[in-house]
Amino acid sequence: MELIEIAQLVTGLATLIVASVLIWQMFIQKKTLDIAHNDADSSMSLTAVENKINLNTWFSTNSSIEMIEKMDKSLESLNPKEKDILSSYVYGHVLLLITEYRLGRMNQNPIYFRNQIRSLFERKAVRELMLERRANMGETVAKGGVMSIMDEVYEEITGEKLPESKAKD
């Protein structure tokens, strides 16, 4: 074997070793990224739950039994302060749902979002509020997302067909 052949063999072997080390490092990096992704998902879930608890606690503190009874009747039965309280509560929840959806929480599972919206829509005043302001909710995607799920749930609960929403492109 000549010196050039030995040099080529050593160079090829060195290249193979370097490639193997790089592949091994990629596997380690993938595992690290998977762990980081799971940690971020857990953190996002915990933050979402904390925010919902805070919103519900704030609403419980600022509402009354009379206000909740009025919410079963209609939005018009609420006084201006009660409407503001309800708007803050509902829009806080909707903003949280839109953010969760956008960030891919629960893999954008429509069942999760439908259940959240269904519980939000229990009261007639909430449904009327959302119907009144659905074109200005801040989500501009008409072909999917939380607003589409919201429209579907509204139609299921009320049995009414909604007019086409005007999405802002």
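Visitor: Which residue forms a salt bridge with Glu-76, and how far apart are the closest N and O atoms?

Guide: This is a predicted model, and its coordinates place the side chain of Glu-76 beside a lysine. The cut-off for a salt bridge is 4 Å between nitrogen and carboxyl oxygen. The partner is Lys-83, with the closest N and O atoms 3.8 Å apart.

Visitor: How many salt bridges does the structure hold?

Guide: Side chains of opposite charge can pair when their charged atoms come close. Counted over the structure, the salt bridges number 12.

Visitor: How many residues apart are Glu-152 and Arg-114?

Guide: The two side chains form a salt bridge, with the closest N and O atoms 3.0 Å apart. Glu-152 belongs to helix H6 and Arg-114 to helix H4 (residues 110-120), so the pair links distant parts of the chain. Glu-152 itself is partly exposed, at 41% relative accessibility. The separation of the pair is 38 residues.

Visitor: Which residues are joined with Arg-114 into one network?

Guide: Arg-114 also meets Glu-156 in a salt bridge, at 2.1 Å from N to O. Because Arg-114 lies in helix H4 and Glu-156 in helix H6, this pair ties together parts that are 42 residues apart in sequence. Glu-156 is partly exposed, with a relative accessible area of 44%. Through salt bridges that share partners, Arg-114 is joined with Arg-118, Glu-152 and Glu-156.

Visitor: Is Asp-151 buried or exposed?

Guide: Asp-151 has its place in helix H6 (residues 145-158). Leaving aside neighbours within four places in sequence, Asp-151 is in contact with Arg-134 and Leu-162. Its relative accessibility is 18%, and the limit is under 20%, so Asp-151 counts as buried.

Visitor: What is the volume of the largest cavity?

Guide: Rolling a probe the size of a water molecule over the atoms shows where empty space is left. With a threshold of 30 Å³ or more, the count comes to 1 cavity. The space in the largest cavity is about 50 Å³.

Visitor: Which elements give two or more residues to the lining of the largest cavity?

Guide: The lining includes Asp-151, together with its contacts Arg-134 and Leu-162. Also among the lining residues are Phe-121, Met-130 and Tyr-154. By class, the lining divides into 6 nonpolar, no polar and 3 charged residues. The elements that give two or more residues to this lining are helix H5 (124-133) and H6.

Visitor: Which residues does Val-90 touch, not counting residues up to four places away in sequence?

Guide: With residues up to four places away in sequence set aside, Val-90 touches Leu-120, Val-126, Leu-129 and Met-130.

Visitor: How far apart in space are Glu-2 and Lys-30?

Guide: Glu-2 is found in the segment before helix H1 (3-62). Glu-2 is exposed, with a relative accessible area of 57%. In sequence, Glu-2 and Lys-30 are 28 residues apart. In space, from C-alpha to C-alpha, their separation is 42 Å.

Visitor: What is the phi of Asn-107, and what is the phi of Gln-108?

Guide: Most residues other than glycine have a negative phi. Asn-107 has its place in the loop between H3 and H4, and Gln-108 is also in the loop between H3 and H4. Asn-107 is exposed, at 73% relative accessible area, whereas Gln-108 counts as partly exposed, at 32%. Although Asn-107 is not a glycine, its phi is positive, at about 55 degrees, and Gln-108, likewise not a glycine, has a positive phi of about 55 degrees.

Notes
Residues are numbered from 1 along each chain as its sequence is written. This is a predicted model: local features need pLDDT of at least 70, side-chain atom pairs count only at pLDDT 80 or more; totals for chains, interfaces and linings use all residues. Side-chain values use heavy atoms; hydrogens and water are left out. Helices (H or I, at least four residues) and strands (E, at least two) are DSSP runs, numbered from the N terminus. Buried means under 20% relative accessible area, exposed over 50%, partly exposed in between (1.4 Å probe, protein chains only). Contact means heavy atoms within 4.5 Å. On a 1 Å grid over the protein atoms alone, a cavity is a set of points where a 1.4 Å probe fits but cannot get out, and a pocket is an open set with protein on both sides within 12 Å along at least five of seven lines; lining residues have an atom within 4 Å of a point. Grid points are joined across faces, edges and corners, and a volume is the space filled by probe spheres set on the points. Ala, Val, Leu, Ile, Met, Phe, Trp, Tyr, Cys and Pro count as nonpolar, Asp, Glu, Lys and Arg as charged, and the others, Gly among them, as polar.
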